[in-house]
Amino acid sequence: MQNIVPMTRPALELRTGQHLTLTPQLQQSIRLLQLSTLDLQAEISQALADNPMLERSEERPEAEPEAPAERETSMDDESFRDSEPRTEEMPGSGGVYPDDRSDGPDRARSDTLREHLLSQLGLTRAGSRDAALVALLIDELDENGYLGSSLEEILSWIPPEAEADLDELRAALTLLQSFDPPGIGARDMAECLVLQLRNPDLQHLREAADPAVLACARRLCAEHLPLLATGNVTRLRDALQCDEATARAAHALIRKLDPRPGRAWTVPAADYAVPDVIVRKARQGWQVVLNTAAVPRLQVNALYAQLLGNQREASHAGLHAQLQQARWMIRNVEQRFDTILRVAQAIVAHQTAFFSEGPAAMRPLILKDIAAELGLHESTISRATTQKYMLTPFGTLELKHFFGTGVATDGGEVASATAVQAVIRQMVADEDRGKPLSDSQLTKRLADQGIVIARRTVAKYREAMRIAPASLRKAHAAR
């Protein structure tokens, strides 16, 4: 008897679901918002060259006079450099190792770091979802090539409907860290150096050909960077439990690494910044206005638009598309500066004490606070504050400078991390050069002022300000 197998019939089934769709206009809006002023000018110049429907407006607004490009006078200004200890040999201070990457490029590349990394991403076999996550991480890299935010924080910015998880972000970061230059995507200096030693270039890093030296260097970077900064070879040898020749070879190998792998793509005029907004003292308080010198003046070419008129022939489809693109560009540029202005106004409202009293009066502020106040997503606030600058009475500062977590005090109040750093900086500036304050002593002095934080937190703040440890400051003073 033969078994009869029933045949299934194909059927149509309707299912409802939600997914994100980014229109070309929205994609352009997001891209323009995350660009710096210099990158925006380059983007607009390209659009003007490609689209005859778009042109610069000759009319000049009368609301605000032009403001020239201001030299950045934040923590890197000469006045600060003269008042704080020298840190040329501190990891990450730009002169960590005397001969560090002497054969590397000292000037900026023609492409940006983002473009360089995205071009490599395009050569991988990553799926569209993984590629989108890697691109998101690339947008969070700072000028040195470090990941500026934690994976947990970045995950909180992704819309819930995307259903992303931390493991996916970790996988995306692993892929990013495999790109050129070595060390890109690191979360701290130790990880950056370890990444460069993962598959070292033996032609440049000849010491890495010795497995014992390479293993010693990897352990030194991962566990003993603060000890390396002291230059005490004997203590290094004891900590690594290796002979002096191996320790010195490992030290020489590390000196050839680059603690700032993204610096080759840094804009040449990085010491100068054109402020996007200007803060001035008015009768009503602190007032924020756009810097008209930074705002491009665009308009649709009236002659071409008039010639097109209501013509809808297929032969004119390309011109109509260019006309629409020109209108999108004008609208999105206006929206970009409107968003930056709104964010800047909200920041000034929260940080009024800073503008009146200085860095020590900075209040705790996080992206979520501004996002909730303006009804925007945190990722939008992040884009609107990255590489956007504000001219203040204390110099030209990046908008990111005004954000920081809070530190509880004995009085029940909360001080921002920036304010605590300002106090630490002042303590170091006032210390006896022959007897510099250790991290423990700084912790105790802060506690005396009602700021109770852990010693490791003090060390983290000190390193963030590129202030050398007490032992190294003492060695510099003895020279």
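Is Leu-307 buried or exposed? With a relative accessibility of 54%, Leu-307 counts as exposed, because exposed means over 50% relative accessible area, buried means under 20%, and partly exposed lies in between (1.4 Å probe, protein chains only).

Before going further, a word on the model. It is a predicted one, where local features need pLDDT of at least 70 and side-chain atom pairs count only at pLDDT 80 or more, while totals for chains, interfaces and linings use all residues. Numbering runs from 1 along each chain as its sequence is written, and side-chain values use heavy atoms, with hydrogens and water left out.

**Overall picture**

The protein chain has 21 helices and 10 strands; these are DSSP runs numbered from the N terminus (helices H or I, at least four residues; strands E, at least two). Of its 479 residues, 42% are buried. The chain exposes about 26700 Å², with carbon and sulfur atoms supplying 50% of that; accessible areas come from the Shrake-Rupley method with a 1.4 Å probe, and for residues only the protein chains shown count as cover. Among contacts (heavy atoms within 4.5 Å), those between residues 24 or more positions apart account for 68% of the ones with a separation of 6 or more.

**Confidence**

Confidence is highest in helix α7 (residues 166–176), at 93, and lowest in helix α3 (residues 78–83), at a mean of 33.

| Stretch | pLDDT | Contacts beyond four places in sequence |
|---|---|---|
| Residues 63–108 | under 50 | 111 contacts |
| Residues 267–271 | under 50 | six contacts |

**Helix α1 and its cover**

Helix α1 (residues 24–34) has Gln-28, Ser-29, Leu-32, Leu-33 and Gln-34 buried. An α-helix has 3.6 residues a turn, so residues three or four places apart point the same way. The cover over the buried residues of α1 includes α2 (37–50), α4 (113–121), α5 (128–139), α14 (317–350) and α17.

Strands β4 (residues 277–282) and β5 (residues 285–290) run antiparallel and are joined by six bridges; strands pair if DSSP finds at least two bridges between them.

Together with Leu-303 and Tyr-304, Leu-307 makes a nonpolar surface patch of about 310 Å². Patch residues have over 30% relative accessible area and no salt bridge, with like charges joined within 9 Å and nonpolar side chains (Val, Leu, Ile, Met, Phe, Trp, Tyr) within 5 Å. A salt bridge here is a side-chain nitrogen of Lys or Arg within 4 Å of a carboxyl oxygen of Asp or Glu.

The peptide bond from Asp-180 to Pro-181 is cis, with omega near 5 degrees, and Pro-181 lies in the loop between α7 and α8 (189–196).

Gln-387 is not a glycine, yet has a positive phi of about 60 degrees. Gln-387 belongs to the loop between α17 (378–385) and β7 (389–392) and is partly exposed, at 35% relative accessible area. Its C-alpha atom is 7.6 Å from that of Leu-399, 12 residues apart along the chain.

Leu-399, in the loop between β8 (395–398) and β9 (406–408), is buried, with a relative accessible area of 0%. Leaving aside neighbours within four places in sequence, Leu-399 contacts Ile-340, Ile-347, Ala-384, Thr-385, Lys-388 and Met-390.

Definitions and conventions: pLDDT is the predictor's confidence in each residue, from 0 to 100.
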